[in-house]
Amino acid sequence: MWYVDEDPTVFGAQFNGVLYNNMKATIITDWKISIDVAETCHIDSGPWNGNFSIVGDKMLVRKPQLNDKENIHGVDFYRVNPLKNLSFGCIMYAPKGFTPLNSKIVLTYQSVLKPLSYIVFDIVLVLLSILFIVSITVTLTEGKFIRIEEENRKLEDTVRERTKELQEEKNRSEELLLNILPEEVAKRLAVDKNARIADKVENDSALFADIVGFTKITSSLDADTVVGALNSLYSRIGERAKREGIEKIKTIGDSYMAAAGLFGNEPAEKNALAIINFARGMLQDIEDFNATSKVQLFMRIGINSGSLIAGVIGKTKFV
């Protein structure tokens, strides 16, 4: 729907209708439809699927005839065969508040009866139904115990399949949670999803990194190149974090945050050394990235050690 010439009292919209023939052996050869509309309604020029006109407060829709400009699909296209439908529509402009679904609709049509082929079909369908009933009766009488055994086996297979699907879904959910939160936190939430996660860590070392001049670099590149470069670089760094036991906290644009010593009672010196070695590895990763990439990136890294507060914020999208 759209407003016309910025006039909020008049809107234009696609006016669609469907003529459905629910008769099994009758073809609708000609049809006319009268629809109540507002007197100020008018129709955009066609051609449309149907011959449209407005007289007073009536919209008249009729089947396109042989020489009509609306007859763009040929005469047979607008005949409605048994149990088939025909769609028609146009662009109409109407005053605000007009609701076509509340309008009075009058349909008149001409049809032709074609019963023979459908009678034959019905006879064949009845014979097949009788044959099916006889076959089912014989099967139930002669093979009742075999049938029960087969159904039990199918039921067991279904139970095993559903159990496997549920386990796979559970594994996917756990894997997704582990991609968002550290494993220790995920385990605590698995025990109690409403648990409040709030810890004070004494001997942590945290790392912050970003790309030098990233805003200037991105201003001359398209979005796909920028996202692809960041994804390639931080995927390398993410794999390194897994290998070295570093917890990736999050990325925001070109910024990267990670920590060592969030869990366990390792001494501060060991956590600091782990995060420093990880930072050196990040510099190696970006050097390897630049060796094969058209986009050349440089990174600055800051590290701080000490106490911090760590917690999970939110219920639907964890942070």
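G12 stands opposite Y93 in strand β7. H42 also faces Y93 in β7. This is a predicted model: local features need pLDDT of at least 70, side-chain atom pairs count only at pLDDT 80 or more, and totals for chains, interfaces and linings use all residues. Residues are numbered from 1 along each chain as its sequence is written, and side-chain values use heavy atoms, with hydrogens and water left out.

Strand β2 (residues 7–20) pairs with β7 in the antiparallel sense over 11 bridges. Strand β4 (residues 42–43) runs antiparallel to β7, joined by two bridges. Pairing requires at least two DSSP bridges between two strands. Strands (E, at least two residues) and helices (H or I, at least four) are DSSP runs, numbered from the N terminus. Eight of the 11 residues of β7 (residues 85–95) are buried, so the strand is largely enclosed by the rest of the structure. Buried means under 20% relative accessible area, exposed over 50%, and partly exposed in between (1.4 Å probe, protein chains only).

## Salt bridges

The structure holds nine salt bridges. Each is a side-chain nitrogen of Lys or Arg within 4 Å of a carboxyl oxygen of Asp or Glu. One of them joins D36 and K58, at 2.4 Å from N to O. That pair links distant parts of the chain: D36 is in strand β3 (residues 26–36) and K58 in strand β6 (residues 58–62), 22 residues apart. D36 is partly exposed, at 22% relative accessibility. K58 is partly exposed too, at 30%.

E150 bridges to K154, with the closest N and O atoms 3.6 Å apart. Both lie in helix α2 (residues 144–180), four residues apart, so about one helical turn separates them.
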